[in-house]
Amino acid sequence: MRVLITGGAGFIGSHLSRKLIEMGNEVICIDNLLTGNLSNIEDLMKRKEFLFIKHDITKPIFIEGEIHQVFHLASPASPKDYAQYPIQTLKAGAYGTHNALGIALHKKAKFLLASTSEVYGDPLEHPQKETYWGNVNPVGPRGVYDEAKRFAEALTMAYNKIHKLDVKIARIFNTYGPFMRLDDGRVIPNFINQALNDEPLTVFGNGEHTRSFCYIDDMIEGLIKLMESDFNGPMNLGSPEEWKIKEVAKLFMEISGKKLEIKYLPLPEDDPHRRQPDISLAKNVLNWEPKIRLREGLKRTWEHFLKKL
């Protein structure tokens, strides 16, 4: 197949590009490199099955030839990024999604939106099911990303209803692994960056708030299975293992062999206190659930950055 990936030079996009090519597909990668990086796809640039186009998907684009699948991943995705690029984040969710859907409709391609667990905000339901509507502050510091993705979901479902476009929505929970940006501000990249520089590990709040961490290989398998399924609509993809952040810090020190101080900082405004997906739908429809536990995934990720740096 010929597959278009917007945001293909980003963390998840580069892994997805690599896997789809391994499976025998051609990949067209579109990225404006706002938060993506060419170093993520350096090995792919030499492959005849891979085409990179530097372009901002919020602006119209014409792609020649057939396209069978469109993965729309383009967007700043970390709190640090969307604090720096709030308008670009909203445009990626609105204009970017509109243009990506337009390409899929024109080419009669399947469409997958990379949405996020952030649509649930600071959830009042735990764990979060796809039927939960969320607890989002639209004008808070995280609102630009939350609302961009919520709008993108609504637009995607409107194309399904009005144009009968075959669409899928992946609500992605925290994902980690090689090719993360170490300066993106999220928990695991922060810990790796701080450990490499022998700095204290920063934990926000009292460390009791929780996250669920999915290793990148598992996430890529879930995205591909969802795209290939007949399911239309939102589906949680993530690890159902819930970890307190202070426990993750201790586990990371054990794996890295670094004895570091834990530095506690004030919890950012609107930071979710608990985050854990209910993945019953993915299990039932896709026969998918993560296989790589946090200890193993952290070990692989730490070793990748030690080797790289």
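Reader: So helices here are DSSP runs of H or I with at least four residues, strands are runs of E with at least two, and both are numbered from the N terminus. With that settled, where does K164 lie?

Author: K164 lies in the loop between α4 and β6, and β6 covers 167-172. Keep in mind that this is a predicted model.

Reader: Thanks! What is phi of K164 near?

Author: Phi of K164 is near 60 degrees, which is a positive value in a residue other than glycine.

Reader: And the peptide bond from H126 to P127, is it cis or trans?

Author: The bond from H126 to P127 is cis, and its omega is near -15 degrees. As for location, P127 is found in the loop between β5 (110-116) and α4.

Reader: Which residues of α3 and α4 meet?

Author: On the α3 side they are P86, T89, L90, G93, A94, T97, H98, L101, G102 and L105. Their partners in α4 are V144, Y145, A148, F151, A152, L155, T156, Y159 and H163. By class, this contact has twelve nonpolar residues, seven polar ones and no charged ones.

Reader: What lines the largest cavity?

Author: Its lining consists of H72, A74, S75, T89, A92, G93, T97, L113, Y145, A148, K149 and A152. The elements that give two or more residues to this lining are α3 (86-107) and α4 (143-163).

Reader: What about pockets? How much space lies in the second largest pocket?

Author: About 160 Å³ of space lies in the second largest pocket. The residues that line the second largest pocket are H15, R18, K19, E22, P178, Y215, I216, D217 and I220.

Reader: Which element gives the most to that lining?

Author: That is α1, with four residues. Both α1 (11-22) and α6 (216-228) supply at least two residues of the lining of the second largest pocket. By class, this lining has four nonpolar, one polar and four charged residues.

Reader: Last topic: how do α5 and α9 pack?

Author: Helix α5 (residues 187-196) and helix α9 (residues 294-308) pack at an angle of about 50 degrees, and their axes are 11 Å apart. That angle makes α5 oblique to α9. The crossing of these two helices is right-handed.

Reader: Which side chains are in residues that meet there, or rather, which residues meet in α5 and α9?

Author: From α5, I188, I192, A195 and L196 meet L294, L298, T301, W302, F305 and L306 of α9. The contact of α5 with α9 has nine nonpolar residues, one polar residue and no charged residues.

Notes. Residues numbered from 1 in each chain as written. Predicted model: local features only at pLDDT ≥ 70, side-chain atom pairs only at ≥ 80, totals over all residues. Heavy atoms only, no water. Axes fitted to C-alpha atoms, helices over the stretch in contact; angles between N-to-C directions. Parallel < 35°, antiparallel > 145°, perpendicular 65-115°, else oblique. Left-handed = near helix turned anticlockwise from the far one by under 90°. Contact = heavy atoms within 4.5 Å. Nonpolar A, V, L, I, M, F, W, Y, C, P; charged D, E, K, R; others polar. 1 Å grid on protein atoms, 1.4 Å probe; cavity = no way out; pocket = protein on both sides within 12 Å on 5 of 7 lines; lining within 4 Å. Points joined across faces, edges and corners; volume = space filled by probe spheres on them.
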